[in-house]
Amino acid sequence: MPHTSISRFGLILAAALVLLAGLVTSAIFLTRPQAQTVPEELGKPVMAAQIEFLADAMKRSAARIAAHPQTLACFASASPDVCQAQAANLQALNQDATVLFVTEGQRQLLPGFLPGDTRKLLANAGRGGSGATATATFNLSLSHPVTGADGKRLGYVIVEQSVPQLQALFDTLPLPDAAAYAELQQSGGGDSAMVLMRRGNQAIKRNVRPTLIALAGTPWQIAVWRPITPVVESIAPYLLGWLVASLVIAILVAATILAVRNRVADNLRTLVKFTNDLRQQRLRADYPVSLAEFQTPLETMLKLGKVMLGKQKEVSSQARIDHLSKVNNRRSFDEKQKELFGTLKDGWTHSLLILDIDNFKQVNDTFGHEAGDQLIIKFGNALKACLRNSDFIARLGGDEFCVVFPYTPLDRAQELAERLRAKMPESVELIPGVTQKLSWSGGMSEFSRDDREENEALARADAALLEAKRGGRNATRVRAAA
C-alpha cells in the first residue's frame with residue numbers, strides 16, 4: 001500500500017477548494033447583470049426632444065402662414081404692396097424667423113421677402129413635398145406648399161429660424177460611457193453625412209459601429225460610438241477575485257494542516273513515551289494528548305499496559321521470592337549484596353546476619369518433610385514479624401536464612417540481633433499435635449571497604465555461624481572485618 005502524508009491530503013484539499021472557488025467565480029461571472037445596449041442607456045436625449053419640438057412648431061407655423069388669406073392674396077396678385085404688408089405682419093409676429101414666399105413656376109422670390117443667407121435653399125424648395133434642410137450655421141429651414149381655392153399649387157412658404165443653443169445642447173448630451181464618442185451629423189447625398197459637431201474619444205470610431213438617433217423634422221442625426229470592453233478586462237476582476245480567494249484558501253489550509261501535523265506529532269511522541277515507559281516497567285499517572293482521536297486508543301493501551309505491567313511485576317516478584325518461606329530468595333540476596341557493596345566507597349556501613357534453624361534435620365527425619373516445610377514457613381513469618389521494614393530477609397537455601405541490615409554499623413546490628421532472638425516465639429506448631437521449640441544459631445559480620453569481593457562479608461558471617469553451632473547452638477557469634 002503506497003504511503004501518504006498529511007501534507008499530501010492538504011494539497012488535495014487545497015486544490016479541491018481552489019477548483020470549487022473557480023467554479024463559483026465562473027458561475028458569478030456568467031450570471032452577472034449584462035450591460036444595457038447603447039440605445040437603452042442613451043434613450044432620446046433632451047437635445048433631440050428640443051430640436052424636434054422646434055421643428056414641429058416651425059412646421060405648424062408654416063402651415064398656418066400658407067393657409068392665411070393674405071398669403072393667398074400675395075401669391076395670387078404678386079402685388080408688392082400686398083406681399084410687403086404680409087411680410088411686415090410676419091416680421092412683427094416672429095422676429096427670430098425669416099419667412100420666404102417662392103412661386104411655383106418661376107421659383108421667384110415674391111416682393112417684400114428678403115432672401116438673407118437662404119437663397120441657396122430655393123433650388124431644392126418643395127422637392128418631395130414638405131421637407132427640412134439645414135446649413136452649417138445651425139439654421140433650420142422648413143417649406144410648406146401654398147394651394148389656391150381651386151387646388152392648384154401656387155408656390156411655397158419657407159420658414160427659416162436659427163438654433164443658437166444647439167452647441168450647448170450637444171455639449172450636455174448624456175453619453176453612456178466616459179470613453180464614448182458622439183457626432184451631430186447632417187445628412188448629405190446617399191450614405192454620406194457632414195459632421196457638424198463632435199465630442200469624446202474619436203479613436204474608437206474606427207472599430208465600432210455607431211448607434212444613430214434621428215432628429216425628426218430635421219436633416220440632423222446623432223451618432224454615438226460606445227467602446228467595447230475587451231473580454232480580458234471584463235474577466236480581470238473575477239480572475240483577481242479568484243486568485244485572492246485561492247491565496248486565502250491556500251493559507252488557511254496550510255495553517256490547518258501545519259497545526260494538525262504538529263498535534264499529531266505531539267500525540268505520537270506521547271505514545272512513544274508510553275511505549276518506552278511500558279518497556280521499562282513503569283507507567284506515569286497521566287499521558288496527555290490534544291486530539292480526541294488519540295484519547296480512546298491511548299486509554300485502551302494504558303489499561304492493557306497496566307495489566308501487562310502488573311503481570312510482569314508479579315512474575316518478577318515471584319522470581320525473586322522464595323516459594324516456601326515467602327521471603328527473598330538467593331538471587332535477590334545476591335543483587336542486594338552487590339548493590340550495598342557498591343555504596344561502600346561513599347562511606348556507608350552495612351551489616352548482615354546468617355541464621356540457621358537448630359535441629360532442622362531432626363524435625364525432617366522425625367516428622368517428615370511436611371513438618372520441615374512448616375518449620376521453614378513459620379520461621380520466615382517470625383523473621384518478618386520481628387524485624388524492621390528496612391531490613392532485608394532472604395532464604396539462602398535449606399534452613400539457612402540471612403538478614404541484611406542496610407546502613408547499620410555492626411554494633412547496632414548486634415543489638416538488633418539480640419532483640420530478634422528475644423522477640424522470636426519459643427515454639428511453633430508444625431502439624432496438628434506436633435509442636436517444635438524454635439531456636440536458631442547466627443553469625444554476624446559487616447561489609448568492609450577493604451573487601452575485594454562482595455561476598456567476603458558473607459564468608460565471615462558464615463564462619464561465625466559455624467562457631468555458634470560448634471559452641472552449642474542457640475547463640476550468635478560475630479566476626480568483624482580485619
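Predicted model: local features only at pLDDT ≥ 70, side-chain atom pairs only at ≥ 80, totals over all residues.
Is Trp 348 buried, partly exposed or exposed, and what is its relative accessibility? Trp 348 counts as partly exposed because its relative accessibility is 46%; buried means under 20% relative accessible area, exposed over 50%, and partly exposed in between (1.4 Å probe, protein chains only).

Residues are numbered from 1 along each chain as its sequence is written, and side-chain values use heavy atoms, with hydrogens and water left out.

**View 1. Phe 274 and Tyr 287 form an aromatic pair.**
Six aromatic pairs turn up in a search of the whole structure. Rings of Phe, Tyr and Trp (its six-membered ring) pair if their centres lie within 6.5 Å; planes under 30 degrees apart count as stacked, over 60 as edge-to-face and the rest as tilted. Phe 274 and Tyr 287 are edge-to-face, with 5.5 Å from centre to centre and 90° between the planes. Phe 274 belongs to helix H7 (residues 231–279) and Tyr 287 to the loop between H7 and helix H8 (292–320), so the pair ties together parts 13 residues apart in sequence. Helices (H or I, at least four residues) and strands (E, at least two) are DSSP runs, numbered from the N terminus. Both Phe 274 and Tyr 287 are buried.

**View 2. Trp 348 and Tyr 407 form an aromatic pair.**
This pair is edge-to-face too, at 5.0 Å centre to centre and with 85° between the planes. Trp 348 sits in the loop between helix H9 (330–341) and strand S9 (351–357), and Tyr 407 in the loop between strand S11 (400–405) and helix H12 (410–423), so the pair links parts that are 59 residues apart in sequence. Tyr 407 counts as partly exposed because its relative accessibility is 44%. Look at its backbone as well: phi of Tyr 407 is near 55°, a positive value in a residue other than glycine.

**View 3. Five strands form an open sheet.**
Their order is S10-S11-S9-S14-S15, and the pairing is mixed; two strands pair if DSSP finds at least two bridges between them. At the edges are strand S10 (392–397) and strand S15 (476–478), each pairing on one side only. From one strand to the next, the twist averages 20°. S9 and strand S14 (residues 440–446) run antiparallel and are joined by seven bridges. Here Ile 357 stands opposite Trp 440 in S14. Arg 421 lies over the face of Trp 440, 3.7 Å from the ring centre (a charge sits over a ring if NZ of Lys or CZ of Arg is within 6 Å of the ring centre and within 35 degrees of the ring normal).

**View 4. S7 and S8 form a hairpin.**
Five residues lie between the two strands, and Gly 217 in the turn has a positive phi of about 85°. Strand S7 (residues 211–214) and strand S8 (residues 220–225) run antiparallel, joined by four bridges. Leu 212 has Ala 223 in S8 as its bridge partner. In a regular strand, side chains alternate between the two faces of the sheet. The covered face of S7 has Thr 211 and Ile 213, while Leu 212 and Ala 214 are on the uncovered one.

Notes: Axes fitted to C-alpha atoms, helices over the stretch in contact; angles between N-to-C directions.
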